[in-house]
Every structure is written in C-alpha cells, then in structure tokens.
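This report covers one protein chain, shown below. Please read it alongside the sequence and coordinates.

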Amino acid sequence: IFTAFYAALPIDERRDWLERLVADGSTHIAISLKAGYPGSPIPAFNLMDHPAQFAAIVREIMATPGANGKALTPIVFLDEGDAGFRDRIRTFWPGIRAALGDDVAHLIVVPGWELVRASDATTPRGRRWLNRNSHYKR
C-alpha cells in the first residue's frame, strides 16, 4: 500500500487500508498533502489549499488504534521535494497548522519525500523552520 495516496481514496477504501496496515503491524502511516503519478490507478490530489479537509483525514488516522494499541501516528510529508519546496511550505503550512490545532503535537512532520534535489544548504534551513513552527517536540 503506497500510503502517499491515502487522502485521495474514498472513505471505505481508506478504512480498508488502515485495517490492512494495522493487521500487518503498523503503528505509523506516511501521508501526503499532495500526490500524483502518471498512469496511477489512484487519481492525483492536492490538499495544500484545503487545511480543514486534510486535518479531518489526519484525525481519522489518529482515531484508529495501531498494532501497539495506541493511536496510529501520521507521518506527514509536506511536499514532493521539487525546487521551491520551502516557499510552498511557508505558504500553506500556517493554514494546515491552524486546522490541526493541538493535534499537531502527535504528528511527525517532514519537509518532503524526495529532497535529493534540494541542496545541503536549503534542507537544514527548511528543517529548522519546521521545528520552530510545528510545535512538534521529540
């Protein structure tokens, strides 16, 4: 199950995926605000400008007990990692952060999936910005 596409699925399929993941021992689920691949049977989606919808999906995941009996932990990938990812995150993250409220403390938030195209100089700066603005404490 490529969970990057989780948010694009209808509710029944999302429930099925969560059940399968938990049955296989999952305690975390990696999700995206945006995903799309040519030829994918799951349609592309983009929730960057839909914070309430994304927050509802995050809460749906957190309401599901993981294999350890605790709530599943969403690992939120904010961007695909293409050039300009820091500017995109600065634009949409405040709305997503506000919609998540206190629930943001229960997430693992990472800048992007494929940051190989990001330079060594931009990746640490992006991570520091996220650390200051996510209120996520390790």
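Phe77 is found in strand β4, where strands (E, at least two residues) and helices (H or I, at least four) are DSSP runs numbered from the N terminus. The model is a predicted one, in which local features need pLDDT of at least 70 and side-chain atom pairs count only at pLDDT 80 or more, while totals for chains, interfaces and linings use all residues. Residues are numbered from 1 along each chain as its sequence is written, and side-chain values use heavy atoms, with hydrogens and water left out.

With a relative accessible area of 15%, Phe77 is buried; buried means under 20%, exposed over 50%, and partly exposed in between, for a 1.4 Å probe and protein chains only. Neighbours within four places in sequence aside, Phe77 is in contact with Ala30, Ile31, Ser32, Leu33, Val110, Gly112 and Trp113 (contact: heavy atoms within 4.5 Å). Phe77 and Ser32 are separated by 45 residues in sequence, yet their C-alpha atoms are 5.0 Å apart.

## Strand pairing

Strand β4 covers residues 73-79 and pairs with β1 in the parallel sense over five bridges; two strands pair if DSSP finds at least two bridges between them. Pro74 in β4 is the bridge partner of Ile29, and Val76 in β4 stands opposite Ile31. Strand β5 (residues 108-112) also pairs with β4 in the parallel sense, over four bridges. Here Phe77 stands opposite Val110.

Six of the seven residues of β4 are buried, and the strand is mostly covered. In β1, four of the five residues are buried, so this strand is largely enclosed by the rest of the structure.

## Ser32 and Trp113

Ser32 belongs to strand β1, residues 28-32. Its relative accessibility is 1%, so Ser32 counts as buried. The side chains of Ser32 and Trp113 are joined by a polar contact of 2.5 Å. A polar contact is a pair of N or O atoms within 3.5 Å; within protein, one must be able to donate a hydrogen and the other to accept it, and residues adjacent in sequence count only if both atoms are side-chain atoms.

Beyond its neighbours within four places in sequence, Ser32 is in contact with Ala4, Ala7, Phe45, Phe54, Phe77 and Trp113.

## A surface patch

Trp113 also takes part in a nonpolar surface patch of about 310 Å², together with Phe2 and Tyr37. Patches are made of residues with over 30% relative accessible area and no salt bridge; like charges are joined within 9 Å, and nonpolar side chains (Val, Leu, Ile, Met, Phe, Trp, Tyr) within 5 Å. A salt bridge is a side-chain nitrogen of Lys or Arg within 4 Å of a carboxyl oxygen of Asp or Glu.

Tyr37 sits in the loop between β2 (34-35) and β3 (45-46). Its relative accessible area is 45%, so Tyr37 is partly exposed.

## The chain as a whole

The chain has four helices and five strands, in the order α-β-β-β-α-β-α-β-α along the sequence. Of its 138 residues, 41% count as buried. Among contacts between residues at least 6 apart in sequence, 70% join residues at least 24 apart.

The accessible surface comes to about 7,500 Å², of which 53% belongs to carbon and sulfur atoms. Accessible areas come from the Shrake-Rupley method with a 1.4 Å probe; for residues, only the protein chains shown count as cover.
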